[in-house]
Amino acid sequence: MEHELGVSDAANRRLSTLARHLEVKTIESSENAGLYASMTSGFDGNSNSVFSHVVKAPEDPILGVTVAYNKDPSPVKLNLGVGAYRTEEGKPLVLNVVRRAEQQLINDRSRVKEYLPITGLAEFNKLSAKLMFGEDSPALRENRVTTVQCLSGTGSLRVGGEFLAKHYHERTIYIPQPTWGNHPKIFTLAGLSVKTYRYYDPATRGLHFHGLLEDLGSAPSGAIVLLHACAHNPTGVDPTIQQWEKIRQLMRSKGLLPFFDSAYQGFASGSLDTDAKPVRMFVADGGECLLAQSYAKNMGLYGERVGALSIVCKTADVASKVESQLKLVIRPMFSNPPIHGASIVATILRDRNLFGEWTVELKAMADRIISMRQKLFDALRTRGTPGDWSHIIKQIGMFTFTGLNEEQVTFMTKEYHIYMTSDGRISMAGLSSKTIPHLADAMHAAVTRVS
């Protein structure tokens with residue numbers, strides 16, 4: 001009983017002390033209320049925010065399509081804006097070979113989550129360069145290539161752009177007109193001056209080859225030229241091998257520096273080697289070039305952000321120096337790249353069985369897109385849609401530049417709930433046999449009812 005009283009007394013004393021403490025705080029609070037109010041008055045409410053001058057930015061023209069699509073409650077809505085592969089059922093696809101590789105990584109209890117070096121996973125870099133340049137590449141054999149892991153294709157372009165802005169004598173880069181909407185932003189922010197060269201001919205819905213040669217021919221000696229390695233985005237129009245050879249000869253004769261963006265190796269034709277031919281032609285002549293590489297599309301690793309930047313140099317000594325400077329670009333940008341996605345890629349590329357399985361799945365994706373092209377072309381022809389739509393089956397890769405104008409695109413979105421970028425680019429990978437009739441109806445209506 002005494003013990004219980006002792007506990008009760010102690011508790012009462014603590015409560016009494018707490019009450020006195022609160023009284024003092026209450027008095028202090030009332031005395032200082034005016035002071036605190038004056039100190040915080042400048043931050044009271046949104047209207048007085050130090051960021052109140054910031055204007056709301058427009059949605060990204062490509063990613064904004066998905067934002068609008070997600071808000072649409074229509075059951076027949078169709079998103080053909082963002083470049084991500086979908087199955088025949090309209091679902092995102094994780095390749096079986098990717099799941100197998102991931103399972104191997106999970107089962108390996110010796111794996112740790114330590115930082116990678118600044119240049120990334122060495123095995124990933126080595127295998128990525130071999131995949132693009134070929135196993136028998138003299139440039140690789142002579143150690144004239146430096147490869148660093150970056151944040152997918154976008155990060156590879158940015159790192160390459162910043163390196164060139166710091167260490168290359170000509171700070172002008174020529175990009176095709178049109179091109180991926182992020183290209184001019186990436187290179188401008190990297191410190192380069194962006195100019196364009198003619199690429200797409202709206203009249204033929206094909207390559208403006210004469211204009212391309214003319215514009216590159218008048219570019220200053222030493223200028224950088226961005227080239228889409230295959231499956232040009234957004235047009236789906238690629239030069240022939242003979243045209244690539246003329247482009248190579250012109251660029252080398254003028255000392256223009258090629259910067260390849262390879263986002264679709266194997267995804268365009270279904271063959272990794274076929275899609276790498278233009279790059280290999282430029283490397284085979286002994287000249288220098290840059291290459292941004294992405295595994296978003298061809299391995300379906302969109303969210304893993306796996307890519308590489310390779311710079312082909314004249315000598316191994318120069319390549320070593322270039323790599324040392326690339327580290328100085330990467331370190332303050334993202335310090336070092338993530339490990340998981342690169343480990344998936346390295347696991348697949350090093351294993352003959354997994355590599356073989358990947359090529360089969362890759363060709364299946366490419367073939368499905370090619371079949372969607374044919375089915376859309378046939379559907380438009382069946383409907384008697386005015387115009388020549390043969391460009392749909394002539395173009396290659398994930399995208400088709402339909403030739404529809406902005407008013408027609410707006411009409412299709414409003415009346416048929418079909419979402420695409422305002423330039424008329426559609427992602428063939430977002431189509432299926434079930435949705436093609438709906439798209440063909442919309443295109444037919446747009447062409448016949450909207451000028």
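By class, the lining of the largest cavity has 7 nonpolar, 1 polar and no charged residues; here Ala, Val, Leu, Ile, Met, Phe, Trp, Tyr, Cys and Pro count as nonpolar, Asp, Glu, Lys and Arg as charged, and the others, Gly among them, as polar. The model is predicted: local features need pLDDT of at least 70, side-chain atom pairs count only at pLDDT 80 or more, and totals for chains, interfaces and linings use all residues. Residues are numbered from 1 along each chain as its sequence is written, and side-chain values use heavy atoms, with hydrogens and water left out.

**Stop 1: the cavity**

Select Tyr-197, Tyr-199, Leu-212, Leu-227, His-228, Pro-239, Trp-244 and Ile-247, which line the largest cavity. The elements that contribute two or more residues to this lining are β7 (224–228) and α9 (241–254). Helices (H or I, at least four residues) and strands (E, at least two) are DSSP runs, numbered from the N terminus. The structure holds 1 cavity of 30 Å³ or more, and the largest cavity has about 50 Å³ of space. A cavity is a set of points on a 1 Å grid over the protein atoms alone where a 1.4 Å probe fits but cannot get out, and lining residues have an atom within 4 Å of a point. Grid points are joined across faces, edges and corners, and the volume is the space filled by probe spheres set on the points.

**Stop 2**

Next, select Glu-245 and Arg-248, which form a salt bridge with the closest N and O atoms 2.7 Å apart. A salt bridge is a side-chain nitrogen of Lys or Arg within 4 Å of a carboxyl oxygen of Asp or Glu. Because they are 3 residues apart in helix α9, Glu-245 and Arg-248 are separated by about one helical turn. Glu-245 is partly exposed at 24% relative accessibility, whereas Arg-248 is buried at 15%; buried means under 20% relative accessible area, exposed over 50%, and partly exposed in between (1.4 Å probe, protein chains only).

Then select Gly-217, in helix α8 (residues 209–217). Leaving aside neighbours within four places in sequence, Gly-217 is in contact with Leu-250 and Lys-254, where contact means heavy atoms within 4.5 Å.

**Stop 3: a link between α3 and α13**

Of the 16 salt bridges in the structure, select the one between Arg-100 and Glu-357, whose closest N and O atoms are 2.3 Å apart. This pair links distant parts of the chain, with Arg-100 in helix α3 and Glu-357 in helix α13, 257 residues apart. Arg-100 is partly exposed, with a relative accessible area of 43%.

**Stop 4: the enclosed helix α12**

Select residues 340–350, helix α12: 9 of its 11 residues are buried, so the helix is largely enclosed by the rest of the structure. What covers these buried residues includes α3 (96–107), α4 (122–133), β2, β10 and α13 (352–383).

**Stop 5: strands β2 and β10**

Finally, select β2 (residues 145–151), in which 6 of 7 residues are buried. β2 pairs with strand β10 (residues 306–312) in the antiparallel sense over 7 bridges; two strands pair if DSSP finds at least two bridges between them. Within this pairing, locate Cys-150, which stands opposite Gly-307 in β10.

Methods: 1 Å grid on protein atoms, 1.4 Å probe; cavity = no way out; pocket = protein on both sides within 12 Å on 5 of 7 lines; lining within 4 Å.
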